[in-house]
Amino acid sequence: TIDGKSQPVEPKDIAVLVRSHVDAVAVVEILEERNIPAIQTRVGSVLRAEAAEHLRLLLQGMRRPSDLRSVRAAAISFFFRHPVSDLLDDDVLANLQERLSAWSDLMTHHGVHALLQSFRSERETLESLVSDGNGHRHLTDLEHLADLLHAGCEGRPASPTTVLSVLDEL
């Protein structure tokens, strides 16, 4: 009830607290089986989250888009989710190199938050980020990481090399 008026319950109004990670996994599975959206948060550092490892792969690819090993590693991250068979396709790799180079330029000139905004605004990237059912978690983790990296870069735009150094220091 808000100001004496009844309001329907919405997902944002509900939280389920559990004692252990195992219990949280079970609750999320049960809710998902019933088509109820669920997000599992965790205790611990966002720096140990899946998103941090995928961001590291992406930054390494952005740092040297000419390095095909780094480009291939970024290609299988949740930013792209390319199948392994794509990693031998010259056209796919050339497209990835262009995207990584463009993102590198964007972050170098406008900062980490501009890069995150680009992820959210590019349909293909956003679809890739959310395709495994953990999209809300990935986006939330990326926002936290962007905040940490932005602060670590003293609020200034930075190159992928600098941002990787900050991530390593964190």
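This is a predicted model: local features need pLDDT of at least 70, side-chain atom pairs count only at pLDDT 80 or more; totals for chains, interfaces and linings use all residues.

Residues are numbered from 1 along each chain as its sequence is written, and side-chain values use heavy atoms, with hydrogens and water left out.

**The whole chain**

Begin by displaying the chain as a cartoon. It contains eight helices and zero strands, where helices (H or I, at least four residues) and strands (E, at least two) are DSSP runs numbered from the N terminus. The C-alpha atoms fill a box of roughly 60 × 40 × 30 Å along the principal axes.

Next, colour the chain by accessibility. Of its 170 residues, 34% are buried; buried means under 20% relative accessible area, exposed over 50%, and partly exposed in between, with a 1.4 Å probe and protein chains only. The accessible surface of the chain, from the Shrake-Rupley method with a 1.4 Å probe, comes to about 10700 Å², and 52% of this belongs to carbon and sulfur atoms. Among contacts (heavy atoms within 4.5 Å) with a separation of 6 or more, 57% join residues 24 or more positions apart.

**Helix H4**

Select residues 90-110, which form helix H4. This helix has 21 residues and reaches 30 Å from its first C-alpha to its last, close to the 30 Å expected at 1.5 Å a residue; the expected span is 1.5 Å times one less than the number of residues.

Which residues of H4 are buried? They are Val92, Leu93, Leu96, Arg99, Leu100, Trp103, Ser104 and Met107. They cover an arc of only 140° around the axis, which puts them on the same side of H4; the arc is that of the directions from the helix axis to the C-beta atoms. On the other side of H4, the exposed residues are Asp90, Asp91, Glu98, His109 and His110.

Select Arg99, which is buried, with a relative accessible area of 15%. Leaving out residues up to four places away in sequence, Arg99 touches Phe80, Glu122, Glu124 and Thr125.

Then select Leu106, also in H4, which is partly exposed at a relative accessible area of 23%. Beyond its neighbours within four places in sequence, Leu106 is in contact with Gly111, Ala114, Leu115 and Ser118. A distance drawn from Leu106 to Ala158, C-alpha to C-alpha, reads 9.5 Å, although the two are 52 residues apart in sequence.

**Helix H6**

Move to residues 123-130, helix H6, whose buried residues are Thr125, Ser128 and Leu129. Seen down the axis of H6, these residues fall within an arc of 100°, so they line one face of the helix. They pack against H4, H5 (112-121) and H7 (135-152).

**Two loop residues**

Finish in the loops. Asn35 is found between helix H1 (21-33) and H2 and is exposed, at 70% relative accessibility. Asn35 has a positive phi of about 60° although it is not a glycine.

Glu154 lies in the loop between H7 and H8. Its phi is positive, about 55°, although Glu154 is not a glycine, and its relative accessible area of 57% makes it exposed.
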